[in-house]
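Keep the picture open beside you as you read.

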Amino acid sequence: MVHIGNSWDDILKEEFTSEYYLKLREFLKYEYSHGKVYPSMYDIFNSLKYTPYEKVKAVIIGQDPYHGAGQAHGLCFSVKKGVQPPPSLQNIFKELYNDLGIQPPSHGELTQWAEQGVLLLNTVLTVREGKPNSHKGKGWEQLTDAVIRKLNDRERPIAFILWGGNARSKAPLITSPQHAVFQAAHPSPLSAYNGFFGCRHFSAVNRFLEQNGIDPINWQIT
């Protein structure tokens, strides 16, 4: 069974033994044995591994993993060092510069955000090579809904950052008044000029955290 190695194991244990998840497991076994699927099966749950439940300060919700070779590694929008940042990530770095004056880093790996308490969660955690949304509707959405509901139940305030339609569809799950929800267009080149650029979510999240006595995120990546 799934072993994340932190508090998520206990929090999600009912999900990992549920009928929908067992069906998803069978689907994934077939997919990984019959073609190229991203990320590596060892990286699927990296978002939860890097950011335990009790350490979550902010959540960025993506769609599904990058579907090109060597890109996805289990954190939404992130690519491993040595991989060219895709256009959406380049636009995130542009907005970060315009918001906080932080220069774009030399790589696109966002593990430093995850380690500070930014849960980098895709709505779907796997994808077939070259086929975006190919694992949509197979059960991942139920699991990621459960993750968001568990976070919504937490008393300590969390900032939820929803970019694009897939992420914004999760907004109805965030009902507790102590949390904040920041919504904007997706950072992809197709939609970034429709409200992503200028959203200034990085500074807004830090203001929210500080107002609630929580240390802000250092968004600079080294």
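Before looking for holes, we need a rule: on a 1 Å grid over the protein atoms alone, a cavity is a set of points where a 1.4 Å probe fits but cannot get out. Grid points are joined across faces, edges and corners, and a volume is the space filled by probe spheres set on the points. Rolling a probe the size of a water molecule over the atoms shows where empty space is left.

A word on the source: this is a predicted model, in which local features need pLDDT of at least 70 and side-chain atom pairs count only at pLDDT 80 or more, while totals for chains, interfaces and linings use all residues. Residues are numbered from 1 along each chain as its sequence is written, and side-chain values use heavy atoms, with hydrogens and water left out.

How many cavities of 30 Å³ or more are there? The count is one, and the largest cavity holds about 40 Å³ of space. Lining residues are those with an atom within 4 Å of a point; here they are I44, S47, P65, G74, L75, C76, L120, L121, N122 and L125. Strand 3 (residues 118–122) contributes the most to this lining, with three residues. Strands (E, at least two residues) and helices (H or I, at least four) are DSSP runs, numbered from the N terminus. Sorted by class, the lining has seven nonpolar, three polar and no charged residues. In this sorting, Ala, Val, Leu, Ile, Met, Phe, Trp, Tyr, Cys and Pro count as nonpolar, Asp, Glu, Lys and Arg as charged, and the others, Gly among them, as polar.

One of those lining residues, C76, leads us to the cysteines. A disulfide is a covalent bond between the sulfur atoms of two cysteines, counted here when the two sulfur atoms are within 2.5 Å. How many turn up? The count is zero. C76 is in no disulfide, and the nearest cysteine sulfur, that of C199, is 14 Å away, too far for a bond. C76 has 0% relative accessibility and counts as buried, as does C199 at 18%. Buried means under 20% relative accessible area, exposed over 50%, and partly exposed in between (1.4 Å probe, protein chains only).

Now for the rings. The whole structure has 13 aromatic pairs, including the pair of Y21 and W140, which is edge-to-face, with 6.3 Å centre to centre and 70° between the planes. Rings of Phe, Tyr and Trp (its six-membered ring) pair if their centres lie within 6.5 Å; planes under 30 degrees apart count as stacked, over 60 as edge-to-face and the rest as tilted. Why does this pair matter to the fold's layout? Y21 lies in helix 3 (residues 19–34) and W140 in helix 7 (residues 140–152), so the pair ties together parts that are 119 residues apart in sequence. Both Y21 and W140 are buried. Elsewhere, F77, W113, W163, Y193, F196, F197, F202 and W219 form one aromatic cluster.

Finally, follow the backbone. A cis peptide bond joins Y38 and P39, with omega about -5°, and P39 sits in the loop between strand 1 (37–38) and helix 4 (46–50). N133 is not a glycine, yet its phi is positive, near 65°; N133 is partly exposed, at 29%. R200, also not a glycine, has a positive phi of about 55° and is partly exposed, at 42%.

Conventions: 1 Å grid on protein atoms, 1.4 Å probe; cavity = no way out; pocket = protein on both sides within 12 Å on 5 of 7 lines; lining within 4 Å.
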